[in-house]
Amino acid sequence: MSKTLVVCDNEFLSILYVMNLEVYLATSIELVTTTEAAIAIHKQRKDFDLIISLDTVNKKDAIKEINEYRSGYAVKTPLIKVGHDFDAEIDAKTFAVSSRYNIQSLLKRSAGILGVTAKQMSEMQMSAYYPISIKPIEGLAKAPCNIYIEKNGSHKLLTAASEPLEDNIKSVRASGADKIFVKSSDRLVVVNNVSLLLIEKITLALKNSDGATNEKKVEMLNDGFEFAMANLFTSEEIKSEMVSIANASAKVMGDVVKDNAQLKGLLATMLNNKSGYIFTHSMIASYVANHIIKNVTWGGDGQTDKINFVLFFHDIYLAPIFMKYPQLKFEKSLVDSPLLNEKEKEIVMNHAKLAAELVVTYKRCPMGADVLIKHHHGMKKGTGFANKYPEDLSPLSKVLLIAEGFVEQFIGMTDAKQRPEMKLIIPKLVEEFTSPSYIKIVQTLVNLPL
């Protein structure tokens with residue numbers, strides 16, 4: 001069995017990495033939360049086949065520290081850097097995966113390094129029992145399937161499916177063991193249940209975020225966004241529970257927006273957190289929409305919460321595309337990109353319609369959120385991008401359209417190293433949104449604090 005050293009200080013990512021690497025690649029995981037611990041354990045045990053590390057651990061450049069160690073001690077162990085600008089092979093022994101929650105890309109890259117083939121994965125499924133670390137399942141109240149322990153070369157039932165699990169896991173821990181076993185056919189049942197547990201953990205963290213710093217709130221929001229984008233389509237059960245993260249995120253987004261007196265402060269926090277494009281786009285749109293709603297006569301807090309819920313889901317179908325091509329930005333430009341295949345371009349054209357159809361299935365979906373999502377590019381059927389925006393959309397739809405139009409102008413200027421100024425942005429918005437009802441909303445942005 002191969003051995004992989006994982007350096008990760010994020011609770012949710014740690015669980016995902018350990019679980020997926022073990023289940024899909026049958027590699028033994030050693031998890032540490034600091035680069036110092038990683039270097040110390042690697043010095044003691046030089047038998048690791050792979051090191052996987054977040055690019056930043058405990059707010060320090062983890063890759064720099066690990067590479068200094070690799071260089072100084074002539075370490076040949078391959079390294080995957082997670083949280084890069086794009087997926088890449090940096091050199092013969094160093095690789096990059098862009099999104100922290102893109103488990104598929106991480107598994108694909110790791111499989112190539114560890115030499116795990118599709119045939120080997122198939123053979124893993126044929127074995128009777130499969131080892132899994134205790135850590136990912138510790139929070140499960142009940143066993144998702146029969147759980148076994150190994151004694152004297154044979155496997156004995158520890159906890160039957162649906163029976164309470166906590167006390168038995170504690171006793172296994174106390175015995176010094178760090179692995180349990182499941183039947184190979186039940187591996188994906190465990191993965192699904194751990195993913196559902198993570199939804200609960202992320203939702204609880206968001207609900208209990210009062211008193212946390214804005215930086216910490218943005219980190220938690222980013223976890224929620226990225227987890228949702230990477231896992232929403234893994235199973236129907238996970239899809240149905242993701243609304244809890246969205247509702248909790250909507251409130252925290254509102255808190256973060258209100259606590260930032262200027263947009264540049266919010267952007268700096270997100271850049272420091274190395275947030276992805278969709279999340280950055282959504283947070284800036286939330287900031288702008290919140291300002292508009294406060295400056296129109298019909299605005300209210302309930303509308304801000306609804307807008308934030310919409311912003312959580314509105315581009316969810318574009319997430320796999322942005323994760324695959326992290327160098328791309330701006331939705332309209334995706335349609336003409338030579339990088340996208342025809343199926344991906346079809347998703348781009350229909351992503352508003354698809355997302356609206358998704359949220360309407362949620363019982364806890366704010367009333368009218370599906371319509372706002374469907375109209376967020378000015379097309380009533382949710383397909384394509386409007387060249388001329390219709391007058392007969394709801395006022396809140398118009399707020400969302402203008403907020404998104406502002407985001408594209410603001411991010412475009414920022415990326416071009418040009419100082420964003422309202423005297424430059426507003427004329428471009430007036431040129432794009434020519435109807436009187438839209439221009440009236442655009443005018444509320446004159447005093448938007450940048």
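Are Phe309 and Phe313 buried or exposed? Both Phe309 and Phe313 are buried (under 20% relative accessible area, with exposed meaning over 50%, partly exposed lying in between, and a 1.4 Å probe applied to protein chains only). The structure is a predicted model, in which local features need pLDDT of at least 70 and side-chain atom pairs count only at pLDDT 80 or more, whereas totals for chains, interfaces and linings use all residues. Residues are numbered from 1 along each chain as its sequence is written, and side-chain values use heavy atoms, with hydrogens and water left out.

**View 1. Tyr101 and Phe227 form an edge-to-face pair.** Rings of Phe, Tyr and Trp (its six-membered ring) pair if their centres lie within 6.5 Å, with planes under 30 degrees apart counted as stacked, over 60 as edge-to-face and the rest as tilted; the count by this rule is 14 aromatic pairs. For Tyr101 and Phe227 the values are 6.2 Å centre to centre and 85° between the planes. Because Tyr101 lies in the loop between β8 (94-97) and α4 (103-114) and Phe227 in helix α8 (residues 214-231), the pair ties together parts that are 126 residues apart in sequence.

**View 2. Phe309 and Phe313 form a tilted pair.** Their ring centres are 5.3 Å apart and their planes stand at 55°. Ring pairs also link Phe309 and Phe313 into a cluster with Phe225, Phe279, Phe312 and Tyr362.

**View 3. Charged ends sit over two tyrosine rings, Tyr130 and Tyr438.** A charge counts here if NZ of Lys or CZ of Arg is within 6 Å of the ring centre and within 35 degrees of the ring normal. The charged end of Arg187 is 4.7 Å from the ring centre of Tyr130, and that of Lys398 is 5.2 Å from the ring centre of Tyr438.

Notes:
Helix = DSSP H or I, 4+ residues; strand = E, 2+ residues; numbered from the N terminus.
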